[in-house]
Amino acid sequence: MTEQNAGPKKVVLSGLRPTGPCHLGNLAGALRNWIKLQDIYQCYYSIVTWHALSSEYMKSQAIRDNVFEVAIDWLSIGLDPEKCVIFVQSEVKEHAELHLLLSMVTPLPWLERVPTYKEMQAELQDRDIHTYGYLGYPVLQTADIIIYKADIVPVGEDQAPHLELAREITRRFNRIFGPIFPEPQTLLTEVPRLAGTDGRKMSKSFNNAIYLKDSPEVIRGKIAPMITDTRRMRRSDPGEPDDCPVFTFHKAFVPKDKQAEIAQGCRTAGIGCLECKKVVIDALIETLAPFRERRNEFEKNPQRIWDILQEGNRKARRVAQQTMDEVRTALGF
Ligand code: TRP
Ligand code: SF4
């Protein structure tokens, strides 16, 4: 799916929940890819506030603040409002209307069998997500996608079941009310498994993330104390990079030849963990430096961020309203 034929550009839509500033996992797993796609397709990138609310409804104020954080992160890494539409889900109310209509034709068992539903219930035990809104999460996601008649949805593997369901809901809606929506295709993004600073999966909710806005000192402070492969008790003990949380960063951010050299050094005890971590620290600082620079510029003029969002919201709304006109006509309302 890399070639673009003549004719109207295919439409891409993806979204990110504003539960905090963007971290390295977001960059490696989604954002790097989004930047490439904006040159090829008509891309819509949404800060999905309502999806964030479905699990964080006790902290709606924080979500508001995080919209700004996410927007400034996206612009700093090079998402370009001249090329793609950057918008806030809850500023385009048509998503909610379509969500409601889709909910009419979505059988409950389809939602109850979504694997992330049960998993998240288990994982987020500190929050009560036994709610109607949470169950309907993938229905809202479907509305996000098809309201722009998106052809392609770039997501990581964890979202594949949601996309499968989105296609099923779309088919059912089209069958009942007429062929309005294309079935969205999943563009599976390879998501490198990044460890967090505690060795678990990097996640905002685990409080173990390295953020795009972290300064060189903060990055150093987070990587330096990280646990390494436990076989390397002493400098002379060989280790296994594939069992080392630190090496997950090498895989995502260090050039391949250098990675191979380090893996070899680790397995032969030729390189020490300190030296090895320094390679990652330097690579991360280098990767993030241009982002930080642009962020500093944007921070001088926060109004510009809000203006860009407002313009994106306006563009998104125009398309969403047009789709909803079609939908209402099909329903005879
Ligand atoms: N559920 C997605 C996630 O957690 C976020 C999301 C919401 C999304 N709406 C979307 C992704 C539409 C792709 C398309 O990552
Ligand atoms: Fe991990 Fe590097 Fe130490 Fe090997 S040398 S255990 S990859 S930090």
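**View 1. I129 in the loop between two helices.** In this predicted model, I129 sits in the loop that runs between helix 6 (115–123) and helix 7 (132–135), where helices are DSSP runs (H or I, at least four residues) numbered from the N terminus. I129 counts as buried because its relative accessibility is 0%, buried meaning under 20% relative accessible area with a 1.4 Å probe, protein chains only. Leaving aside residues up to four places away in sequence, I129 touches S54, S55, M120, Q121, L124 and Y134, a contact being heavy atoms within 4.5 Å. Although S54 and I129 are 75 residues apart along the chain, their C-alpha atoms are separated by 7.4 Å.

**View 2. T142 in helix 8.** T142 belongs to helix 8, which covers residues 137–146, and at 0% relative accessibility T142 counts as buried. A polar atom of the T142 side chain lies 2.7 Å from the backbone oxygen of P138. When residues up to four places away in sequence are not counted, T142 touches L102, A166, I169 and T170.

**View 3. The two domains and the area between them.** The domain assignment, whose bounds come from an automatic or database source, gives domain 1 (11–194 + 302–331) and domain 2 (214–296). Their centres, taken over C-alpha atoms, are separated by 33 Å, and the contact takes 13 residues from domain 1 and ten residues from domain 2. The area buried between the domains is about 1,000 Å², with carbon and sulfur atoms giving 66%; buried area is the accessible area (1.4 Å probe) that two parts lose on being put together, summed over both. Of the area that domain 1 buries against domain 2, L24, S76 and L194 supply 47%, more than any other three residues.

**View 4. Salt bridges between domain 1 and domain 2.** The count between the domains is two salt bridges, each a side-chain nitrogen of Lys or Arg within 4 Å of a carboxyl oxygen of Asp or Glu. E69 forms a salt bridge with R295, and the closest N and O atoms of this pair are 3.2 Å apart. On the side of domain 1 that touches domain 2, the elements giving two or more residues are helix 1 (24–37) and helix 3 (60–77), and helix 3 provides the largest share, five residues.

**Notes on the views.** Residues are numbered from 1 along each chain as its sequence is written, and chains are lettered from A and ligands numbered from 1 in the order in which they are written. Local features need pLDDT of at least 70 and side-chain atom pairs count only at pLDDT 80 or more, while totals for chains, interfaces and linings use all residues, and side-chain values use heavy atoms, with hydrogens and water left out.

Definitions and conventions
Buried < 20%, exposed > 50% of the residue type's maximum accessible area, 1.4 Å probe, protein only. Polar contact = N/O pair within 3.5 Å; in protein donor to acceptor, adjacent residues only side chain to side chain.
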